[in-house]
Amino acid sequence: MGYLHVEVDAASSAKKRAAACGDVWSVERTPEATTILLSDGLGSGVKAAVAARMAVSRMTELLRRGFSMRQAFSRVVHTMHEARGTDLPYAVLSAIRLLNTGEATVLSYEMPTPLYLTRNAAVALQMRTIALETELVGETGLFLEPGEGIMLMSDGITQAGIGKTIKLGWSTEGVRRYLDECRAEGRSMSEMAGLVHDQARIYWEGPFGDDCTTLLARVRTGIVINIFTGPPADQRLDGETAGRFLRMPGMHIVCGATTAQIVARRLGRPLGMEPAGQSLIAPPAYRLEGVDLVTEGAVTLNQVFNILEADPVEYEPDTGVTQLCQALRSADRINILIGRATNAGHEDIAFRQRGIMRRSAIITLLIERLRAAGKLVVPEWI
């Protein structure tokens, strides 16, 4: 099936306008999985927000340190157990870990039951109860196909309207029925988080009630691009690295004339120059059968970094720089093979005088910018 990308839609609002929201959520992507966390702090306002942020931050850090999903969740639950009934920050938590193959694990501690959204209907997840650190936690596992998703909610959603417009509150079942109605009306999956949140606000009748948050993690076939830039530090690895690059599934982009020559030798095909365009500043691009896009190296990467966040309407047409920008903007996962070989030309004073950073420096900055935009970037230095 290839790489499955997890798109996360969120809608959240505080109990009172301009107040801190006691619901906190996060999304963490790694080459193996996407982890979505939603925590609801006790009460509302700053104290609730601090408690929820602490729970999310601790869970995230434990996962980064190599703890399993259940181990990390157990540690957080233990802390909350000790805080229950005291003045210490207390929060409840739901978590999804969704592998890039579609396999999902869901854990929930004192939170509304998550909903599983198929292509046609919404279903409340059947959670088995397990004991973690003297507390009871809901857990389940499932596989998601493209077009399906899992929705997490804070209790401000399921209790919406309680004692007012709805005697016992909206409830998980009420949300489930509403989602089915929206799908029957032809509303798209990407709208569901916002629709549920807005309906809950209507049931609360104004700026009262509770903090409200919905998160929808939905799966689709991911767009993958592979970039090879810079020769390997060990010249003997040129052919092997080029072969591995060409076998990687997805779009193939080469940045750098020397790198392009390495790939051309591996393919046994000539490297040609694209016809000169009208741009006065973009470096030339190349043509190589078997590769989707071939550009110049360091200068192109510097220009891409400078305009990546600009409105694409402002891009120059048909240059290697703009084509690379468009590819990066559309990608979900970006694999980058970065050669460590030094290029004496990049140390020339003329490069520094024009503000052109060497390849290794600009690639590092570009990776940071792409990750900040929500891309999964997997670099490998060779």
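This tour visits a helix, several charged pairs and a surface patch in a predicted model. Local features need pLDDT of at least 70 and side-chain atom pairs count only at pLDDT 80 or more, while totals for chains, interfaces and linings use all residues. Residues are numbered from 1 along each chain as its sequence is written, and side-chain values use heavy atoms, with hydrogens and water left out.

Select residues 257–267 to begin. They form helix α7; helices (H or I, at least four residues) and strands (E, at least two) are DSSP runs, numbered from the N terminus. Its buried residues are Thr259, Ala260, Ile262, Val263 and Ala264, where buried means under 20% relative accessible area, exposed over 50%, and partly exposed in between (1.4 Å probe, protein chains only). Display β12 (224–229), α6 (238–247), β13 (251–255) and β16 (293–295), against which these buried residues pack. Just after α7, select glycine 268, which takes a positive phi of about 70°.

Next, select arginine 220 and glutamate 7. They form a salt bridge, with the closest N and O atoms 2.7 Å apart; the term requires a side-chain nitrogen of Lys or Arg within 4 Å of a carboxyl oxygen of Asp or Glu. The pair links distant parts of the chain, strand β11 (residues 212–221) and strand β1 (residues 4–13), 213 residues apart.

Move to glutamate 139 and arginine 128, another salt bridge, at 3.3 Å between the closest N and O atoms. Glutamate 139 is buried, at 5% relative accessible area, whereas arginine 128 is partly exposed, at 47%.

Finally, select Glu173, Arg176, Arg177 and Asp180, which are linked in a network of salt bridges. Methionine 54 is partly exposed, with a relative accessible area of 47%.

Notes. Contact means heavy atoms within 4.5 Å.
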